[in-house]
Amino acid sequence: MTPHKHARVLPWGAGFQLFPHLDRLTAHADMLGRVAYNLALLTLGNAVFVYGMKSILIPHRFLSGGVLGLCLIVNYLLPGISLGLLNLVLNLPLYWLGWKHISRVFMFYTAYGIAIFSVLAEVLPVRPLPVHEPMLAAILAGIICGAGCGIYMRSLGSGGGMDILAVYLEKKFSLRRGLTGFISSALILVGAAFIFNLEMALYTLIFSFTCGRVLDAVLTGFNQRKSVLIVSDQAPAISAAILGGLHRGATLLKGTGAYSGDDKPVILCAVSLTEISRLKELVLNTDPEAFVIINEAMDVIGRGHAQLREY
């Protein structure tokens, strides 16, 4: 039976879409979800940081690094000046740097981060925490503020200030952000020691160091990687155990024993912090005589590991 000459033949074949706008709507929903996720990280992270700043940092008259440190110095000397407004003004030069050399997306989120920090610094009601020992206060402030920094720095933006410079230096020279923050804090504190007193500057240095370490820990988390070198005559069997037991890749290298001159296969692999004990078990169960070296890996980028973050 042949179809009527006026009958419409529906293109059920290749390329037909029953709902042609569904993919576009899904893409828009995914984009909105990503934007909401990043804004939520910026809001939560800045709220945690401001809580630490207003509950410990300011009551103990500690300082911080970078732009915030300058804001706090001015605020201590001239209490009538708005900390939030001053933060907005002092961020303008660094915002220009980020706009020129990082990306528009990063600076869009960073603009929100700067704005939400300035607003929360003015309106968030916080009572000072009952911590009277300056050393404990510096460490606790570093933990809280470092956690806040780590949360909002997991987004595609930042809280402004030296965070912009930290991202620029990480992108340009692969410097860790916690190290950049610690150096900037140290430079600010050298001047602050002359304006106020050396003791306050030293407590602030403890705060900055703790904050930088917690920041790096939150950014890395359990995604911290270890590079492992394994020297063994049972290299093929160990490689198979790594592939099957950990579902991790491994690379076989050719090595030569310096004393014996014999060929020694070497296995190179990268695993997460939580996989180290399992890796040791697999290796030593296969070859108890294996020689294993475990190194700290600053960054591991590639399939199965972290991807390079694009701003």
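**Close-up views of a predicted model**

**View 1. Tyr76 and the residues around its ring.** In this predicted model, Tyr76 is buried, with a relative accessible area of 9%. Because Tyr76 belongs to helix H2 (residues 66-77) while Phe196 belongs to the loop between helix H8 (177-195) and helix H9 (198-220), the pair ties together parts that are 120 residues apart in sequence. Phe196, at 21% relative accessibility, counts as partly exposed, since the class of buried residues is limited to those under 20%. The ring of Tyr76 also has the charged end of Arg61 sitting over it, 4.5 Å from the ring centre.

**View 2. Asn46 within helix H1.** Asn46 is found in helix H1, which covers residues 22-57, and with 1% relative accessibility this residue counts as buried. Its side chain reaches the backbone oxygen of Leu42 at 2.8 Å. When residues up to four places away in sequence are not counted, Asn46 touches Gly113, Ile116, Phe117, Leu120, Tyr152 and Gly159.

**View 3. The largest nonpolar core and a second one.** The largest nonpolar core has 48 residues, and those touching the most other members are Phe49, Met53, Leu57, Phe62, Leu63, Leu72 and Phe207. Helix H6 (residues 134-153) gives the most to this core, contributing 8 residues. For Phe49, the contacts are Leu68, Phe117, Cys145, Gly148 and Cys149, again leaving aside residues up to four places away in sequence. Another core, of 15 residues, lies apart from the largest one and includes Ile238, Ile242, Ile267 and Leu279. In soluble globular proteins, nonpolar side chains tend to be buried together.

**View 4. Helix H7 and the residue that follows.** Helix H7 (residues 162-173) consists of 12 residues and reaches 16 Å from its first C-alpha to its last, which is close to the 16 Å expected at 1.5 Å a residue. The buried residues of this helix are Asp163, Ile164, Ala166, Val167, Tyr168 and Leu169. Just after H7 comes Ser174, which takes a positive phi of about 60 degrees.

Conventions:
Residues numbered from 1 in each chain as written. Predicted model: local features only at pLDDT ≥ 70, side-chain atom pairs only at ≥ 80, totals over all residues. Heavy atoms only, no water. Helix = DSSP H or I, 4+ residues; strand = E, 2+ residues; numbered from the N terminus. Buried < 20%, exposed > 50% of the residue type's maximum accessible area, 1.4 Å probe, protein only. Lys NZ or Arg CZ within 6 Å of the ring centre and 35° of its normal. Polar contact = N/O pair within 3.5 Å; in protein donor to acceptor, adjacent residues only side chain to side chain. Contact = heavy atoms within 4.5 Å. Core = buried A, V, L, I, M, F, W, Y, C linked by side-chain atoms within 4.5 Å. Expected span 1.5 Å × (residues − 1).
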